[in-house]
Amino acid sequence: MTATSAPTATRDLAALRHTAAHLLAHAVIDLFGEDVKLAIGPAIENGFYYDFLKDTPFVPEDLPRLEARMRELIAAGLHMEGRPVERAEAERYYRERNQPFKLEILASIPESEPITMYTIGTFTDLCRGGHVDNSRDVGAVKLLSIAGAYWRGDEHNPMLQRIYGTAFPTQAELDAYLAQLAEAERRDHRKLGRELDLFSIQDEAGPGLIFWHPKGGAVRRQMEDWLHEELVRRGYELVYTPHVMRLGLWEQSGHTGFYRDNMFSPIAVDKDRYQLKPMNCPGHILIYKSRLRSYRELPVRLAELGTVYRYERSGVLHGLLRVRGFTQDDAHIFCRPDQIEAEIAECVEFAREVLRVFGFERYEVELSARDPARPGEYAGTDEEWRRAEDALVTTLQRMDIPFRRQPGEAVFYGPKIDVKLVDAIGRPWQLTTVQFDFNLPRRFGLAYVAEDGSQQTPLMVHRALWGSAERFFGVLIEHYAGAFPVWLAPVQAVVLPITDDQLAYARSVAAALRAAGFRVELDDSNERLQKKIRTHQMQKVPYMLVVGKSEAAANTVNVRSRSGDQAALGLEDFSRRLAAEVAARR
């Protein structure tokens with residue numbers, strides 16, 4: 001397993017895509033007229049988008065026309081020119097063109113900030129800049145999709161249409177990216193979740209709430225069993241905390257002040273107010289605080305697979321990857337200052353072991369620091385933040401792990417290390433976090449008796465390895481394209497009798513393998529053998545055990561692996577082979 005330097009989108013690529021967004025808006029005005037209302041058009045991680053309001057909505061058939069017009073603009077070699085303008089001039093420009101969203105953006109710009117407008121071809125836009133000089137520098141473009149987006153992300157505002165696209169310096173780079181998109185679509189966990197009967201989201205229950213079906217539950221059980229064993233081996237103690245607690249607890253923790261927008265509304269109970277927990281940390285803090293601890297007991301490592309509830313806007317919900325109720329593999333470590341770097345290092349090493357066991361060979365690491373320009377968004381003093389960030393940096397450097405610093409990405413109570421796994425088709429996924437917290441122990445008055453008899457405040461580490469069981473499962477589905485390794489597969493083998501004459505023997509084979517602890521199904525349907533094989537290949541079952549007259553007579557099975565290999569084996573030989581493969585977690 002290797003740590004890779006986190007790829008940074010170069011400034012040129014971001015500028016290229018930002019310019020492409022301007023060209024998209026140019027093309028929209030050219031083809032549909034100035035009655036279209038313009039919102040915003042930024043560069044994003046893998047491309048760009050622009051938001052529009054149009055009386056007659058865009059349809060997918062509009063995208064090729066717009067794309068063709070963008071290519072004409074690119075080929076024309078148009079120069080991008082920016083100039084500062086007075087606020088009154090910009091307001092007049094957009095009032096004349098009846099562009100209410102641009103006027104609202106203007107009104108939100110502080111009086112002290114300069115206002116600039118950029119022109120390319122015949123299109124002028126309010127913008128802070130960051131473009132290529134000439135439209136030819138945009139290279140190759142592709143418009144990808146149309147989606148809905150509320151203005152400023154607020155469902156009480158008008159629904160706009162967002163046109164997504166991407167751009168690269170060369171057609172070859174664009175083609176490679178589009179091929180990756182096609183492969184990602186083939187691996188989409190939402191599609192595979194339906195086809196393999198792993199999970200569902202039920203309208204009757206509400207969006208963002210996951211129902212684990214038996215096959216998905218079987219995978220989750222293997223995930224959790226391994227994790228529980230590893231937690232105990234590494235000195236963690238398993239705990240369980242309530243799903244709902246008094247609102248005052250979340251006021252004390254600071255979540256209602258810093259995290260309110262992501263919390264469900266409080267619940268009135270017996271003239272008191274309770275809160276569905278968005279995080280597990282206050283519950284673990286109360287367990288630690290239930291009695292006074294000695295310095296000899298530290299570190300105290302409390303772990304829980306704890307289900308939490310967060311209010312995510314409907315527009316950002318996405319299968320298993322962005323949900324409203326999910327189970328975090330959460331742990332909180334309470335330790336002395338002299339233990340903090342060793343505990344952080346152990347957490348990072350634990351994360352690397354998770355990636356190795358679940359089959360991820362590469363990962364990237366980021367250090368999420370606070371934005372010093374926005375101190376009011378964070379708890380704690382400058383000195384506390386400096387010490388905390390230094391501890392994380394020192395740990396990563398000592399472990400010789402390359403990392404990228406991310407200002408402004410820290411949580412409100414401390415900096416964190418983010419470990420992003422890289423999947424089978426090269427996509428990074430944010431999952432593991434190791435977070436330093438000097439704030440909550442102080443807020444809750446946590447203490448331990450030091451060696452000199454004084455009471456000291458412990459330091460605290462928040463640590464989640466999967467991020468959540470749901471998100472990690474979604475990534476596993478896409479990484480393996482649904483073809484899980486044998487130890488995780490919901491069905492490890494299926495027994496296929498050729499005719500009903502072998503049904504009794506097939507049942508005994510299935511029973512013997514189940515007794516040995518394997519997840520085995522029997523297909524006793526009346527379908528022809530080739531259709532049975534095709535069905536279970538589509539279900540990505542690792543092994544199909546065909547039994548006919550000769551196998552029944554010899555107490556053997558004809559083993560067909562998912563990769564296409566075939567072999568005749570005695571039942572005990574196959575059982576030993578399967579056991580070895582499961583134990584190795586290959």
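This is a predicted model: local features need pLDDT of at least 70, side-chain atom pairs count only at pLDDT 80 or more; totals for chains, interfaces and linings use all residues.
Visitor: Which side chain meets lysine 102 in a salt bridge?

Guide: Lysine 102 meets the side chain of aspartate 125, with an N to O distance of 2.8 Å. The pair links distant parts of the chain: lysine 102 belongs to helix α4 (residues 100-108) and aspartate 125 to strand β7 (residues 123-126), 23 residues apart.

Visitor: Are lysine 102 and aspartate 125 buried or exposed?

Guide: The cut-off to apply is a relative accessible area under 20% for a buried residue. Lysine 102 has 2% relative accessibility and therefore counts as buried. Aspartate 125 has a relative accessible area of 3%, so it is buried as well.

Visitor: Where do the partners arginine 442 and glutamate 384 lie?

Guide: Arginine 442 and glutamate 384 form a salt bridge in which the closest N and O atoms are 2.3 Å apart. Arginine 442 is in helix α13 (residues 440-443) and glutamate 384 in helix α12 (residues 382-398), and the pair links parts of the chain 58 residues apart. Arginine 442 counts as partly exposed because its relative accessibility is 42%, whereas glutamate 384 counts as buried at 13%.

Visitor: How many residues apart are aspartate 573 and arginine 576 in their helix?

Guide: They are 3 residues apart in helix α18 (residues 571-584), which is about one turn of the helix. Aspartate 573 is partly exposed at a relative accessible area of 38%, and arginine 576 is exposed at 52%.

Visitor: Let us turn to helices. How should I describe the packing of α7 and α14, and at what angle do their axes cross?

Guide: Two packed helices are described by the angle between their axes and the distance between the axes. For helix α7 (residues 214-233) and helix α14 (residues 469-480), the axes come within 11 Å and cross at roughly 110 degrees. An angle of 65 to 115 degrees counts as roughly perpendicular, and α7 and α14 are therefore roughly perpendicular to each other.

Visitor: Which residues make the contact?

Guide: Helix α7 contributes Gly216, Val219, Arg220 and Met223, while α14 contributes Ala469, Glu470, Phe472, Phe473 and Leu476. Sorted by class, the contact has 6 nonpolar, 1 polar and 2 charged residues.

Visitor: Strands come next. In what order do the 3 strands of the open sheet stand?

Guide: The order is β5-β6-β7, with antiparallel pairing. The edge strands, β5 (80-85) and β7, each pair on one side only. On average, neighbouring strands of this sheet are turned by 25 degrees against each other, direction ignored. Between β5 and strand β6 (residues 115-120) there are 6 bridges, and valine 85 stands opposite isoleucine 115 in β6. Helix α3 (residues 87-96) packs on this sheet and touches β5, β6 and β7; the direction of α3 makes about 50 degrees with that of β6.

Visitor: How many residues of strand β22 are buried, and which strands pair with it?

Guide: In strand β22 (residues 428-437), 8 of the 10 residues are buried, and the strand is mostly covered. Strand β21 (residues 416-422) runs antiparallel to β22 and is joined to it by 7 bridges, with leucine 421 opposite tryptophan 429. The two strands form a hairpin with 5 residues between them, and glycine 426 in the turn has a positive phi of about 85 degrees. Strand β25 (residues 459-464) also pairs with β22 in the antiparallel sense, over 5 bridges; there, methionine 460 is the bridge partner of aspartate 437.

Visitor: Which glycine lies in the turn between β29 and β30?

Guide: That residue is glycine 564, with a positive phi of about 105 degrees; the hairpin has 4 residues between its strands. Strand β29 (residues 556-561) and strand β30 (residues 566-570) run antiparallel and are joined by 5 bridges, and threonine 556 has glycine 570 as its bridge partner. Strand β29 is mostly covered, with 5 of its 6 residues buried.

How values were computed:
Residues are numbered from 1 along each chain as its sequence is written. Side-chain values use heavy atoms; hydrogens and water are left out. A salt bridge is a side-chain nitrogen of Lys or Arg within 4 Å of a carboxyl oxygen of Asp or Glu. Buried means under 20% relative accessible area, exposed over 50%, partly exposed in between (1.4 Å probe, protein chains only). Axes are lines fitted to C-alpha atoms, for helices over the stretch in contact, and angles run from 0 to 180 degrees between N-to-C directions. Angles under 35 degrees count as roughly parallel, over 145 as roughly antiparallel, 65 to 115 as roughly perpendicular and the rest as oblique. Contact means heavy atoms within 4.5 Å. Ala, Val, Leu, Ile, Met, Phe, Trp, Tyr, Cys and Pro count as nonpolar, Asp, Glu, Lys and Arg as charged, and the others, Gly among them, as polar. Two strands pair if DSSP finds at least two bridges between them.
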